[in-house]
Amino acid sequence: FTAPIEGKYHIHGSIYCMKNGTNANDYMHFLVYVNGQQINQMYTMGGHGQSFALDFSLNISSVLFLEANDIVEWKVYTTSTNMRIYGDHLCIGAHMIS
């Protein structure tokens with residue numbers, strides 16, 4: 001997403017995931033970046049510490065002040081091939097609120 005004008009934007013995202021392994025150290029992160037830098041207070045993590053297969057969701061929602069042409073990116077990374085994202089259940093977005 002590229003902010004067309006300066007203002008406050010609601011940034012949000014939701015992903016539905018599956019852990020199909022039993023390694024308790026496996027996890028998935030869902031993060032937001034602005035202009036290539038991670039917004040440290042905007043991330044969520046799932047699967048860590050769970051030594052069984054499970055489904056889980058990761059959600060992000062916040063208000064950010066963006067300048068014109070700021071670039072927002074949503075990134076997902078995992079520590080394992082035992083993690084999957086259900087593609088039908090992925091939602092990301094941003095819209096100006098003021």
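The questions below take some labels one by one and set each against its definition.

Modeller: This is a predicted model, in which local features need pLDDT of at least 70 and side-chain atom pairs count only at pLDDT 80 or more, while totals for chains, interfaces and linings use all residues. Residues are numbered from 1 along each chain as its sequence is written, and side-chain values use heavy atoms, with hydrogens and water left out.

Biologist: Why is Leu-58 called buried?

Modeller: Buried means under 20% relative accessible area, exposed means over 50%, and partly exposed lies in between, with a 1.4 Å probe and protein chains only. Leu-58 has 1% relative accessibility, so Leu-58 counts as buried. Its place is in strand E4 (residues 54-66); a strand is a DSSP run of E with at least two residues, numbered from the N terminus.

Biologist: What does Leu-58 touch, leaving aside neighbours within four places in sequence?

Modeller: Contact means heavy atoms within 4.5 Å. Among the contacts of Leu-58 are Gly-13, Ile-15, Cys-17, Phe-30 and Met-45. His-29 is another of them; the C-alpha atoms of Leu-58 and His-29 are 8.1 Å apart, and 29 residues separate the two in sequence.

Biologist: Why is Thr-2 called partly exposed?

Modeller: Thr-2 has 44% relative accessibility, so it counts as partly exposed. Thr-2 lies in the segment before strand E1 (7-19). Not counting residues up to four places away in sequence, Thr-2 touches Asn-69, Asp-70 and Ile-71.

Biologist: Which label does Ile-85 get, and on what value?

Modeller: Its relative accessible area is 37%, so Ile-85 is partly exposed. Ile-85 is in strand E6.

Biologist: Which residues make the nonpolar surface patch?

Modeller: Val-76, Ile-85, Leu-90 and Ile-92 make a patch of about 310 Å². Strand E6 (residues 83-96) gives the most to this patch, with three residues. Patch residues have over 30% relative accessible area and no salt bridge, and nonpolar side chains are joined within 5 Å (like charges within 9 Å). A salt bridge is a side-chain nitrogen of Lys or Arg within 4 Å of a carboxyl oxygen of Asp or Glu.

Biologist: How do you know that E2 and E5 pair?

Modeller: Two strands pair if DSSP finds at least two bridges between them. Seven bridges join strand E2 (residues 28-34) to E5, and the two run antiparallel. Tyr-33 stands opposite Glu-73 in E5.

Biologist: What makes E3 and E5 edge strands?

Modeller: The open sheet has three strands in the order E3-E2-E5. Strand E3 (37-46) and strand E5 (72-78) each have a single partner strand, so one side of each is left without a neighbour in the sheet.

Conventions: Helix = DSSP H or I, 4+ residues; strand = E, 2+ residues; numbered from the N terminus. Areas by Shrake-Rupley, 256 points an atom, 1.4 Å probe, with all protein chains shown as cover.
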